[in-house]
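Please examine the structure shown below. This briefing then sets out its main features by topic.

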Amino acid sequence: MNENIEDYALIGDLETAALLGRDGSIDWLCLPRFDSPACFAALLGTGENGFWRVSPTGAGACTRRAYRSGTLVLDTVWDTPSGTVRVTDFMPPRAENPCIVRLVEGLSGAVSMRSELKPRFHQGRIVPWVRASERFLVATAGPDSTWLGADGPAELTGGPDPTTADFIVPAGRRVALHLVWSPSHLLDAPAALRIPAARLLQETQDFWRRWVARCRYEGPWREAVTRSLITLKALIYAPTGSVVAAPTTSLPEQLGGERNWDYRHCWLRDSTLALSCLLRSGYREEATAWLDWLLRATAGGLSGLQSVYGLGGERLLPETEAPWLPGYEGSRPVRFGNAAVEQYQLDVYGEVLDTLYRALRAGVTMQPRMWSLVRVLMGHLLVHWRDPDQGLWEVRGPRRHFVHSKVMSWVAADRALRIGRMLGRNGTSGQWRAMKDTVHREVCREGWDGGRGSFVQAYGGTALDASALLIPGLGFLPADDGRVRGTVRAMRALDQDGFLYRYRHTGPGADRVDGMQGSECPFVACSLWYADALAATGDPGEAQQVFERVLGVRNDVGLLSEQWDPAGRRQLGNTPHAFSHISLVETAFAMQRVPNGHGGPDRDAQPSLRTAVSSSIPESP
């Protein structure tokens, strides 16, 4: 039943999200939260694992589809021999219960339609009990119920399985289908079932267009930027302000392989980058909400940051496997939860402190506890920055002294000093400054390979790592430093058909650092980092080519997954991927600041974690 990963579009209500294929089938949905058990899991198996399809009877892929401008409302159109029909899919921003509306409208002729609903609770394996209640059909299993209602001439037929509706839509006629989740112990029909679809549609469109209107980016790539920002907003769990890395789990980095991970959680790394991206784009509300979430998530254990937390700040995310799901195109195992919660990742300290600094510069009000957080994090780093870790890429091999992790330790000290200066608190600045200088000297000595003329992945090694492209943007070395230019040149060794790997798994210079079998494809964000570095080091023309090459592999509705397979010409990995969309927005802003670059300099934008060169930030005392 699987479509290609790039064939899926996204709808969401700021608390969960659904993936829809070009055939009109919702193949992935977790209710009521991003990290809840899936009730539609055909994406990772077959139709027997749950889906909801609405399409012309007997039809395959749609003729065309697009989001309505400035919204997360999706229009899918089929041209059939008997006429043309449009299905408009959306999830109203959450009021009480999660709700999916599928509005079917005849555009010409008369089209026979079919809705087929097959929920499978608890990760795609529990067949629910189906009963009729008033004019609705209710599917129940354990703690979950879904209520299906129809507004228009569509007669719902509920057998044991599936629930179907067959109806004809002539030109000018509308039929609306509502699916609402509710806790199974509540017996009354959810209120959302009784709200007219036209009203819900208007309210949903208005919400998204008001939000997009606040975007500060006005450059040549505005359509791509706003689509990425909408996607990023859709990945924010509104009740807490946290950001999920993606709404999916176990979409493979290698087809048929074991590199399948659950991304429905909140990585500090992704979240801090998201906050920086949102701040520069004009979205202070979301930044403030994330900072509040950070304080709650780290409360009671500030010194030992986890790399990943749950939506509400949960610390335990046990990794389990689902043997009843065959996996996307046979890629096993299917995992729920993520063992990265147990890893030690040194770089997150720098990312958090950099983000606090950016927020403070942007005028976001800091809670009194923020300074305590800065001091505790730095207290931990003063003792532990020399420790090996599992790094940015969360390797499952032995801990190492990763260059990027050490650079981020430098960033932590640098930003802590700047925050102290801004707040007038410099009591421990001597220790922090000494650590900053020591880390810088060590990285330049131990992380540099004179033979390759480049910074490398880890001390004592020769393998390259795309994370070294972040060095100038972080302010560790200026972009015109010969070591930075050499590193950017060396990164061509990570290139495949114009896209960059994170690091090589096979071939010359490869290092089995991650402890996993098999390989993977180029990482979308790394190609965008390369564009940034090219622009910063004086090659705006090639930078623009790299950027537009990435834009060219977005799917038909502007979405990016984690990786791109140049050979197979397809997306791989979890989708849509927050890191990819954050990097796209950041690169669009970076390209504006390049003299003679497309769009000219962007003089007003706040610098981000990746693009604030050292010369743009006054040196701390």
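**Briefing on the predicted model**

Pro-566 counts as buried, at 8% relative accessibility; buried means under 20% relative accessible area, exposed over 50%, and partly exposed in between, with a 1.4 Å probe and protein chains only. The model is a predicted one, in which local features need pLDDT of at least 70 and side-chain atom pairs count only at pLDDT 80 or more, while totals for chains, interfaces and linings use all residues. Residues are numbered from 1 along each chain as its sequence is written, and side-chain values use heavy atoms, with hydrogens and water left out.

**Surroundings of Pro-566**

- Pro-566 is placed in the loop between strand S26 (563-565) and S27; helices (H or I, at least four residues) and strands (E, at least two) are DSSP runs, numbered from the N terminus.
- Not counting residues up to four places away in sequence, Pro-566 touches Gln-496, Asp-497, Phe-499 and Pro-522; contact means heavy atoms within 4.5 Å.
- Between the C-alpha atoms of Pro-566 and Ile-195, which are 371 residues apart along the chain, the separation is 46 Å.

**Overall form**

- The protein has 13 helices and 27 strands.
- Its radius of gyration is 25 Å, close to the 25 Å that the globule rule gives for 621 residues, so the protein is as compact as a globular protein of that length. The radius is taken over C-alpha atoms, and the globule rule is 2.2 Å times the number of residues to the power 0.38.
- Along the principal axes, the C-alpha atoms fill a box of roughly 75 × 45 × 45 Å.
- Of the 621 residues, 65% count as buried.
- Among contacts with a separation of 6 or more, 67% are accounted for by residues 24 or more positions apart.

**Surface and charge**

- The protein has 67 positive and 68 negative charges, whose mean positions are 4 Å apart. Lys and Arg count as positive and Asp and Glu as negative, whereas His and the chain ends are not counted. The place of a charge is taken as NZ of Lys, CZ of Arg, CG of Asp or CD of Glu.

**Cysteines**

- The structure holds zero disulfides, a disulfide being a pair of cysteine sulfur atoms within 2.5 Å.
- Cys-215 is in no disulfide, and the nearest cysteine sulfur, that of Cys-277, is 9.0 Å away. Cys-215 counts as buried, at 4% relative accessibility.
- Cys-526 is likewise in no disulfide; the nearest cysteine sulfur belongs to Cys-521, 13 Å away. The relative accessible area of Cys-526 is 0%, and the residue is buried.

**Backbone features**

- Arg-332 and Pro-333 are joined by a cis peptide bond, with omega about 5°. Pro-333 lies in the loop between strand S20 (320-321) and strand S21 (335-336).
- A cis peptide bond also runs from Thr-575 to Pro-576, where omega is near -20°. The loop between strand S27 (570-572) and helix H13 (578-592) contains Pro-576.
- Gln-123 is not a glycine, yet has a positive phi of about 60°. This residue is in helix H1 (residues 121-124), and Gln-123 is buried, with a relative accessible area of 10%.
- Glu-394, a residue other than glycine, has a positive phi near 55°. Glu-394 is placed in the loop between H7 and helix H8 (403-423) and counts as buried at 18% relative accessibility.

- Leu-381 belongs to helix H7 (residues 369-384) and is buried, with a relative accessible area of 0%.
- Apart from neighbours within four places in sequence, Leu-381 is in contact with Leu-346, Tyr-349, Ser-409, Ala-412 and Met-435. Leu-381 and His-404 are 23 residues apart in sequence and 15 Å apart in space, C-alpha to C-alpha.
- Glu-314 is found in the loop between strand S19 (308-309) and S20 and is partly exposed, with a relative accessible area of 31%.
- Leaving aside neighbours within four places in sequence, Glu-314 is in contact with Arg-33 and Tyr-309. Glu-314 and Arg-68 lie 246 residues apart in sequence and 35 Å apart in space, C-alpha to C-alpha.
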